Amino acid sequence: MLIVMHNVTHTLSPFTENEFSFDYEQFLYFIENFSTAPLTAFFSYYGWIGVSFFVFISGYGLTVKYGDKKINYLCWISKHYIKLFVLLLVPLLLYICLRIISKGSDASYLYFIPQQLLILNIYPSKITPQIYWYIGMAFQLYVWFLLIRKMSTSKLLFIGAVILVLLAVAPSRIVSYLRHNSIGWLHDFIFGIICAKGLSFKKINRYLSGVGLLVMLLLLSSSGKTFVISELSFIALLLLLRKLVSKVSLFVYIGEISAAIYVIHPIMRSIVFNKIGDFSVLEIPLLTATIVLSASIVISAFYSKLYKHILEKTTKHLESRVC
């Protein structure tokens, strides 16, 4: 939900994010104008941290499910590759077709094959279609999981610290490339693995911790050297809310179809931008984002069922050949 709201609001509003490189002027603009449009400013500037939480949940969930199990590496990685391949195929085709129809010509179709094969991320300056870069990065995280899942917490912390230092000192061009690949998010993934191994939040005072984490988020966001750590404080803040969220059935359902929502929402955004572009609704970024999110949830409810049906048949065929 954060990602969808972000990808609409930061396109329409004057607030921009510091996702792949840090700009102090953008942070100052966010602070100065937060009081006039707090939700729009928040989603525009901080909504990208939904990607960090997505990565964190991946590390956490994979560790809970597979951490201590014996794995047939070829079978396991093949299954997860097919899962992402099938998830992306139809939405990516539709998205590119919409771009070509709306713009008359669009070079994004040239990158369909490497994007669909989940290898486009490794080519610098070729990250297009932009929104779907995450799927290729997610596959890289699956590979990382096989490499680090049995490491001790101390070794994982060391790797995470090295990644954070690298992102803090590297030139923005290098940081952007790393962020379009798994290296730039590996610290969030490792945080998820460590939490799944037994990091407990039961004894934490949720109210005091929530305030502290919000202050930390704001302070860490004010410098290019510490900005990358801010996402970890936001993840911790969301963890404090996990019991509250788990009691809301809508959030639980959205969690179940979240992968489908991610790949569907660029299509919904393109349709809304192209079809109602002449209406004043686009002048209200928060309203437009809510429309895109609602439409994405509805369509994803159907697409998720289709995707699971196709994946089940594909996986059975794969198991008979590879596993």
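Here is a friendly run of questions and answers about this predicted model.

Me: Let's start with the overall fold: how many helices and how many strands does the chain have?
Reply: Happy to begin there. The chain has 323 residues, and 48% of them are buried. Its secondary structure comes to zero strands and 16 helices.

Me: Which share of the contacts with a separation of 6 or more comes from residues 24 or more positions apart?
Reply: Contact here means heavy atoms within 4.5 Å. Counting the contacts with a separation of 6 or more, the part from residues 24 or more positions apart is 76%.

Me: And what percentage of the accessible surface belongs to carbon and sulfur atoms?
Reply: The accessible surface of the chain is about 16,500 Å². The part of that surface belonging to carbon and sulfur atoms is 67%.

Me: Now to helix α8: what span should its 17 residues have?
Reply: Helix α8 covers residues 153-169. The expected span takes 1.5 Å times one less than the number of residues.

Me: Within what arc do the buried residues of α8 fall, seen down its axis?
Reply: The buried residues of α8 are L156, G160, I163, L164, L167 and A168. Seen down the axis, they line one face of the helix, because they fall within an arc of 135°.

Me: Which residues are exposed on the other side of α8, and which helices do its buried residues pack against?
Reply: The exposed residues on the other side are S154, K155, F158 and V169. The buried residues of α8, for their part, pack against α7 (133-148), α9 (172-179), α10 (186-196) and α12 (227-240).

Me: How many residues of α10 are buried?
Reply: Among the buried residues of α10 are H187, D188, F189 and C195. What covers the buried residues of α10 includes α4 (49-66), α7, α8, α9 and α12. The helix is mostly covered, with the buried count at ten of its eleven residues.

Me: Which residue with a positive phi follows α10, and what is the angle?
Reply: The residue that follows α10 is G198. Phi of G198 is positive, near 135°.

Me: Which residue forms a salt bridge with R179, and how far apart are the closest N and O atoms?
Reply: The count of salt bridges comes to one. R179 pairs with E231, and their closest N and O atoms are 2.7 Å apart.

Me: How many residues apart in sequence are the parts that this pair ties together?
Reply: R179 is buried, with a relative accessible area of 2%. E231 is buried too, at 0%. Because R179 lies in helix α9 and E231 in helix α12, the pair ties together parts whose separation in sequence is 52 residues.

Me: Is S52 buried or exposed, and which residues is it in contact with?
Reply: S52 lies in helix α4. At 0% relative accessibility, S52 counts as buried, because buried means under 20%. Leaving aside neighbours within four places in sequence, the contacts of S52 are W185, D188, E231 and I235.

Me: What is the phi of L118, and where does L118 lie?
Reply: Most residues other than glycine have a negative phi. L118, a residue other than glycine, has a positive phi near 70°. At 5% relative accessibility, L118 counts as buried. Its place is the loop between α6 (112-116) and α7.

Me: Which residues is S78 in contact with, leaving aside neighbours within four places in sequence?
Reply: S78 is found in helix α5 (residues 73-103). At 17% relative accessibility, S78 counts as buried, because the limit is under 20%. Its contacts are L318 and V322.

Me: How far apart in space are A295 and M268, C-alpha to C-alpha?
Reply: A295 sits in helix α16 (residues 285-321). A295 is partly exposed, with a relative accessible area of 25%. A295 and M268 are 27 residues apart in sequence, and their C-alpha distance is 6.7 Å.

Me: Last one: which helices each supply at least two residues of the nonpolar patch on the surface?
Reply: M1, L241, L244, V245, V248, L250 and F251 form the patch, with about 590 Å² of accessible area together. V245 is partly exposed, at 34% relative accessibility, and its place is in helix α13. The helices that each supply at least two residues of the patch are α13 (242-246) and α14 (249-256).

How values were computed: Residues numbered from 1 in each chain as written. Predicted model: local features only at pLDDT ≥ 70, side-chain atom pairs only at ≥ 80, totals over all residues. Heavy atoms only, no water. Patch = residues over 30% accessible without salt bridge, like charges linked within 9 Å, V, L, I, M, F, W, Y side chains within 5 Å. Areas by Shrake-Rupley, 256 points an atom, 1.4 Å probe, with all protein chains shown as cover. Salt bridge = Lys/Arg side-chain N within 4 Å of Asp/Glu carboxyl O. Helix = DSSP H or I, 4+ residues; strand = E, 2+ residues; numbered from the N terminus. Buried < 20%, exposed > 50% of the residue type's maximum accessible area, 1.4 Å probe, protein only. Arc of directions from axis to C-beta.
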